[in-house]
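Good morning. I will walk through one model today, starting with the overall layout and ending with a pair of helices. Please have the sequence and the structure open.

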Amino acid sequence: MPGAVLTDLTRNAVDVLPEGELARKLALDRPLRVKLGIDVTSPDVTLGHGVPLQRMAAFQRAGHTGVLIVGDYTTRIGDPSGRSATRPILSEEEIDENARRYFESASTIIDPERTEVRFNSEWLGKLDYAEIIRITRTATVARLLERDDFAKRFAAKSPISVSELLYPLMQAYDSVAIEADVELGGTDQLYNLLMGRSLMEAYGLDPQVVLTVELMLSWDETLMSASKRNYIGLREASEEQFGKAMRIPDSLLPQWYRLVMEVDEPPADPLEAKLELARFIVRRSHGEEAAARAEEHFTRVVRRHEAPEDVPEVPLPEGETVHLPALLVEHLGVPSTSEARRLIAQGGLKVDGEATEELDLPRERLRGALVKAGKRRFCRFV
């Protein structure tokens, strides 16, 4: 295996464990099975999720097979992954739809032709009680409580269900079932990934190599989160992607260039660095023409404070007055009425160029008016 290929496979890796094992696996001279467990409690695949996907793509370029594991069965258990509460339990229909959308989004980075998508209900749903007991014998309670989020909750006397303690073992069994050679994940998943090695050894299999990548920070300098809405989605509209990329602080440019563009250093000029980063993100998801249109839109709307060329027209509701927060949620993509009220109170709503802090306006005042919410949301009421 040429050194340049090995460097590409492990680019931006924080852990590659055990040391030297990846080179041994590559010397087997067969396609490796490279596993990545995906969270389908949300259909949105963020730029942060794209970091381990880029490593999977590197393995695929070298001739190996990517295996995306949809945790439909383990989703019914719930994995807190550092949270104080378990994730929501979804219906089978929601899991299937989220998995489909995840694969479509992930395919902007990985090669769909060299990717298997597997649902862990295939094997976990067939385990009998005796086999589950066999799995639990491979780990002690003390070891399970070494996991950081469990340790913190145990010290704080917060409840931890037995089903949650089983989660790392069930995720580890995924590696047994598909006979993974490599498992990818963020540094927050290191414990679970190492558990996979232990369980594979207990089943007499050649244990997987563990490769973790750095967790990506958003423009608010916290981890990207669907609940915080501080992320760029891989399938998000090109204009939104471009505008959000331009929001990142200068201090995060080195990390974003390293993790997203896989370039060691950004240009010295922060503005040009952000523009090039935004172009790359949009181009990868939507193509060259979309990147050019998104940049033109950003220049016109954000930098020159002009309205976009194509403003969507929205019918005015009946009645003498119009409640603006409801309209912002329904037609301008504001997540909630409380956030809409906050936007209005902060002067972020403009009607024909004039800021208004009123929550209700006469219907006639809005007829034909150009409404701007925040920096990039526009509509015209008709």
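**Layout of the model**

The protein has 17 helices and 13 strands, where helices (H or I, at least four residues) and strands (E, at least two) are DSSP runs, numbered from the N terminus. This is a predicted model, in which local features need pLDDT of at least 70 and side-chain atom pairs count only at pLDDT 80 or more, while totals for chains, interfaces and linings use all residues. Residues are numbered from 1 along each chain as its sequence is written, and side-chain values use heavy atoms, with hydrogens and water left out.

Taken along the principal axes, the C-alpha atoms fill a box of roughly 75 × 50 × 35 Å. Of the 382 residues, 47% count as buried; buried means under 20% relative accessible area, exposed over 50%, and partly exposed in between, with a 1.4 Å probe and protein chains only. Among the contacts with a separation of 6 or more, 68% come from residues 24 or more positions apart. Contact here means heavy atoms within 4.5 Å.

Now the sheet of six strands. This sheet is open, its order is β1-β6-β5-β2-β3-β4, and its pairing is mixed. Two strands pair if DSSP finds at least two bridges between them. At the edges are β1 (13-17) and β4 (115-119), each of which pairs on one side only. On average, neighbouring strands of this sheet are turned by 25° against each other, direction ignored. Axes are lines fitted to C-alpha atoms, for helices over the stretch in contact, and angles run from 0 to 180 degrees between N-to-C directions.

Look inside this sheet at β2 (residues 33-38) and β3 (residues 65-70), which pair in the parallel sense over six bridges. Valine 34 stands opposite glycine 66 in β3, and glycine 37 has isoleucine 69 of β3 as its bridge partner. How much of β3 is buried? Five of its six residues are, so β3 is largely enclosed by the rest of the structure.

Two helices lie across these strands. Helix α3 (residues 50-61) lies across β2, β3, β4, β5 (182-186) and β6 (209-213), and runs at about 160° to β2. Helix α4 (residues 92-106) lies across β2, β3 and β4, at about 165° to β4.

Glycine 233 is placed in the loop between β6 and α11 (238-245), and is buried, with a relative accessible area of 7%. Not counting residues up to four places away in sequence, glycine 233 touches Val45, Thr46 and Gln241. Valine 45 is 188 residues away along the chain, yet the two C-alpha atoms are separated by 5.5 Å.

There is also an open sheet of five strands, with the order β7-β13-β12-β9-β10 and mixed pairing. Its edges are β7 (313-314) and β10 (354-355); each has a single partner strand, so one side of each is left without a neighbour in the sheet. Strands β9 (residues 349-351) and β12 (residues 370-373) run antiparallel and are joined by three bridges. Lysine 350 has lysine 372 in β12 as its bridge partner.

Last, the helix pair. The axes of α13 (residues 270-286) and α14 (residues 288-303) come within 8 Å and cross at roughly 135°. That makes α13 oblique to α14, since angles under 35 degrees count as roughly parallel, over 145 as roughly antiparallel, 65 to 115 as roughly perpendicular and the rest as oblique.
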